[in-house]
Amino acid sequence: MTKHTKAILDLLDAHYGTDYVCYLHHENAWQLLIATILSAQCTDARVNMVTEDLFKKYTSIDDFANADLKELEKDIHSTGFYHNKAKNIIACCQDLRDKFDGVVPSSIEDLTSLAGVGRKTANVIRGNIFHEPSVVVDTHVKRISKKLGITKEEDPVKVEMELMKALPKDHWILWNIQIITLGRQICKAPTPKCEECFLTEHCADYRKKNKKKTK
């Protein structure tokens, strides 16, 4: 780990702590899996509003596997992309029932074999449910990791691999939690609150902006 990376991690730990936080409400692995599928292109707050009623109506993997597609589409309509999400949730839960005995698997290969589950969703499950060190690359993580010079990559899988090399394992999950908090509170796109940020001295983006101002 470089001095640059360690300095950033120390500041993040000092400001946000090192507790594991999951912003999606869930009581078990399959609920988190469905909530994460719903969270694509949707805020966690909206997903939590939807799942509050959804998980009362569908109380098991079997309930989702046997769900009527049109009815499920209506139930999740406000999360956006509801046609694909409903289709994927039903197919995912049918695979959980038929191929995995109704148990959410822990390996990245098994998880990504499920409908609607990419590496990001799989790593959310691995980190939060199975406590497997995982790097979750969402829009905040990709954007801010680039600003901080931890990665130059655009492809989320390549970003994930670079972050796994750059960060110590005990901060893989924390990086996502802390950077999402930073992205929501301070480093917002497209209008970051740089004057409130505690990482400006480590931010290439901030240095570029300041150079332009001084010219």
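This is a predicted model: local features need pLDDT of at least 70, side-chain atom pairs count only at pLDDT 80 or more; totals for chains, interfaces and linings use all residues.

Student: How do I read a nonpolar core?

Tutor: In soluble globular proteins, nonpolar side chains tend to be buried together. A nonpolar core is a set of buried Ala, Val, Leu, Ile, Met, Phe, Trp, Tyr and Cys residues joined through side-chain atoms within 4.5 Å. Buried means under 20% relative accessible area, exposed means over 50%, and partly exposed lies in between (1.4 Å probe, protein chains only). Here the largest core has 38 residues, and those touching the most other members are I34, L54, F64, L72 and I89. Two or more residues come from each of α2 (29-38), α3 (44-57), α4 (61-65), α6 (82-99), α7 (108-112) and α8 (119-128). The biggest contribution, eight residues, is that of α2. Such helices are DSSP runs (H or I, at least four residues), numbered from the N terminus.

Student: Which residues does F64 touch?

Tutor: Contact means heavy atoms within 4.5 Å. Leaving aside residues up to four places away in sequence, F64 touches W30, I34, L54, F55, Y58, L72, I89, I90 and C93. There is also a second, separate core of 22 residues, with I8, W172, W175 and C203 among them.

Student: How do I read a pocket?

Tutor: On a 1 Å grid over the protein atoms alone, a pocket is an open set of points with protein on both sides within 12 Å along at least five of seven lines, whereas a cavity is a set of points where a 1.4 Å probe fits but cannot get out; lining residues have an atom within 4 Å of a point. Grid points are joined across faces, edges and corners, and a volume is the space filled by probe spheres set on the points. The largest pocket here has a volume of about 680 Å³. Its lining has 28 residues, and S39, D44, K120, D138 and I180 are the closest to its centre. Helices α3, α8, α9 (139-147) and α11 (172-185) each give two or more residues to this lining, and α11 has the largest share, with five.

Student: What classes of residue make up the lining of the largest pocket?

Tutor: Ala, Val, Leu, Ile, Met, Phe, Trp, Tyr, Cys and Pro count as nonpolar, Asp, Glu, Lys and Arg as charged, and the others, Gly among them, as polar. By that scheme the lining of the largest pocket has 14 nonpolar, nine polar and five charged residues. The second largest pocket holds about 210 Å³ of space. Of its 15 lining residues, T36, I37, A40, G116 and T121 lie nearest its centre, and the classes are four nonpolar, eight polar and three charged.

Student: How many cavities of 30 Å³ or more are there?

Tutor: The count is one. The largest cavity has a volume of about 130 Å³. It is lined by 15 residues, and K147, C187, C194, C197 and C203 are the closest to its centre. Helices α9 and α12 (204-214) each give two or more residues to that lining, which divides into 11 nonpolar, one polar and three charged residues.

Student: How many disulfides does a search find?

Tutor: A disulfide is a pair of cysteine sulfur atoms within 2.5 Å, and a search of the whole structure finds zero. For C187, the nearest cysteine sulfur is that of C197, 6.3 Å away. C187 counts as buried, at 11% relative accessibility.

Student: Is T181 buried or exposed?

Tutor: T181 is buried, with a relative accessible area of 12%. T181 is found in helix α11 and touches Y16 and Y23, not counting residues up to four places away in sequence.

Student: Where is N28 found?

Tutor: N28 is in the loop between α1 (3-16) and α2. N28 counts as partly exposed, at 25% relative accessibility. N28 and I129 are 101 residues apart in sequence and 7.9 Å apart in space, C-alpha to C-alpha.

Conventions
Residues are numbered from 1 along each chain as its sequence is written. Side-chain values use heavy atoms; hydrogens and water are left out.
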